[in-house]
There are 2 protein chains.
Amino acid sequence: MRASDRAYAALKSDIVEWRLIPGTVLAEVEQSARLGVSRTPLREALARLSAEGLTAAQTGRGVVVTDISLAKMTQLFDVRLALDCKAAELAAVHRDPHVFTALAQRFEAASSLIAGADPDRRDYYALVSELDVAVDDAADNQFLRQAQGQLRAQLVRIRRLAKDNSERLLASAAEHAQIARSIAGGNTDLAIAATKIHLHNSLAHLLASKLSFDAGFAPSRKAHLNG
Amino acid sequence: MRASDRAYAALKSDIVEWRLIPGTVLAEVEQSARLGVSRTPLREALARLSAEGLTAAQTGRGVVVTDISLAKMTQLFDVRLALDCKAAELAAVHRDPHVFTALAQRFEAASSLIAGADPDRRDYYALVSELDVAVDDAADNQFLRQAQGQLRAQLVRIRRLAKDNSERLLASAAEHAQIARSIAGGNTDLAIAATKIHLHNSLAHLLASKLSFDAGFAPSRKAHLNG
DNA sequence: TCCGCATTCTCTGTATACACGGCGCGGGCT
DNA sequence: AGCCCGCGCCGTGTATACAGAGAATGCGGA
């Protein structure tokens, strides 16, 4: 694997998992030393991250990890609403029914995943990713896939803010199961409706979590600067 | 201005204006010599172009200018339908009525622009861009803006394939006027409907142009390779 | 004559050295 | 004592040198 790919993957992982918090300045020499690559591939990695919006280039001061405001989360979900609904619509037309029926069944049995010991619920989120990939594959649209990819990087980072209690996750699983069943049935209207429902509930949950997160943990902006 | 920015702008211009046709291999040393920059900033420019989908990195053989198939045009407009409708919807909510009323009036008087001498209709397309920018500004959504930006780069290139006769351009102007008036009126449903109409007609026109273009000018794939 | 292998050549990927610019700090002047 | 100017350092932006990998071509054998 190329050094620039390793640097990109490492930085992206560090950002979405909050090891590098918003506001952190990513100096080239510092990061290249930390990651064990030279400045050239690191610059390529930073350019890719900036194109995805995970970092932003500040004139003279290098690139900084972007922050996530309430307004941005709402904006993100506005675009997700448009893209995910279109993806669900296209997938419902071109889908292989067996694939989505199988996914629906796994979501309907997801309570075992959610009840598991892992506090990060990796098994459950892996299943969600499987559905995302299946929808992308069925939609078969490279532009849609590309646009979705950029949004999902932000989304994984936002997810860490959410208080993922079992209650919400069980509801989320049911919503995903509804989406998968609708796509399996080839019902575009239903697939779109189910997607709208899910995104609405997800955003509502995230906004509530973000409010309590800001209130309880990082009330001032200073906490973002001493990374 | 930075050398990487100049290289990016020059290459992007060369690609969207068909001076570099699809299939052309952009070797780093060759292009860096042609553009008068060194390989490092050129690589950054190529990376940005590849992220936008105007070029694609082929393992070992460098980056090549991507081609535009009928299927890709349809895919592109599927995503545009989702994003432009969402943009129109958001713009209709947050708009400044005066801005869009003025734009609607200019589109209604656009026959003078279309009747002009310029075969490329730059004045008219500049007006279209003004509307795009106004919608983006009114929608006020950075993620939407980012996704739109990537699609529009492809679109400008596709536009060059279209046989822009006065008839279609007059109809297009009327459709844009309808969109602007709907947004000015704050009517989201109407703005979405007008956008759908316009995109449908645009795609139909482009597909017809592409068919005759492929049939009359580049029937074989060889023409893409000797760039 | 055709297929396969090896060699060579070119191109990418990476590292490093250098230049330019901005920002901060310290000293001097008012 | 406060403000302004200048010097120095750190940071990015660019150029270039080097190494490794992949593809094309040519030669030899079947």
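This is a predicted model: local features need pLDDT of at least 70, side-chain atom pairs count only at pLDDT 80 or more; totals for chains, interfaces and linings use all residues.
Residues are numbered from 1 along each chain as its sequence is written, chains are lettered from A in the order in which they are written, and side-chain values use heavy atoms, with hydrogens and water left out.

**The two domains of chain A**

- Chain A is split into domain 1 (3-67) and domain 2 (70-216), with bounds that come from an automatic or database domain assignment.
- Taken over C-alpha atoms, the centres of these two domains of chain A are 27 Å apart.
- Where they touch, 13 residues of domain 1 of chain A are in contact with 8 residues of domain 2 of chain A (contact means heavy atoms within 4.5 Å).
- Together the two domains of chain A bury about 930 Å², and 51% of that is on carbon and sulfur atoms; buried area is the accessible area (1.4 Å probe) that two parts lose on being put together, summed over both.
- On the domain 1 side of chain A, Val16(A), Trp18(A) and Glu52(A) lose the most area to domain 2, together 49% of what that side buries.

**What links the domains**

- The rule finds 1 salt bridge across the interface of domain 1 and domain 2 of chain A (a side-chain nitrogen of Lys or Arg within 4 Å of a carboxyl oxygen of Asp or Glu).
- Asp67(A) and Lys72(A) pair up through their side chains in a salt bridge, at 3.5 Å from N to O.
- There are also 5 residue pairs in polar contact between domain 1 and domain 2 of chain A, both residues being at pLDDT 80 or more. A polar contact is a pair of N or O atoms within 3.5 Å; within protein, one must be able to donate a hydrogen and the other to accept it, and residues adjacent in sequence count only if both atoms are side-chain atoms.
- Helix H1 (3-16) and helix H3 (39-52) of chain A each give two or more residues to the domain 1 side that touches domain 2; helices (H or I, at least four residues) are DSSP runs, numbered from the N terminus.
- H1(A) supplies the largest share of that side of domain 1, 3 residues.

**How the chains are related**

**Where chain A meets chain B**

- Here 23 residues of chain A are in contact with 23 residues of chain B.
- Chain A and chain B bury about 2100 Å² between them, 58% of it on carbon and sulfur atoms.
- Gln75(A), Lys86(A) and Phe143(A) supply 27% of the area that chain A buries against chain B, more than any other three residues.
- The rule finds 2 salt bridges across the interface of chain A and chain B.
- Side chains of Arg43(A) and Glu44(B) meet in a salt bridge at 3.6 Å, N to O.
- H3, helix H4 (70-94) and helix H8 (142-159) of chain A each give two or more residues to the side that touches chain B, and H4(A) gives the most, with 10 residues.
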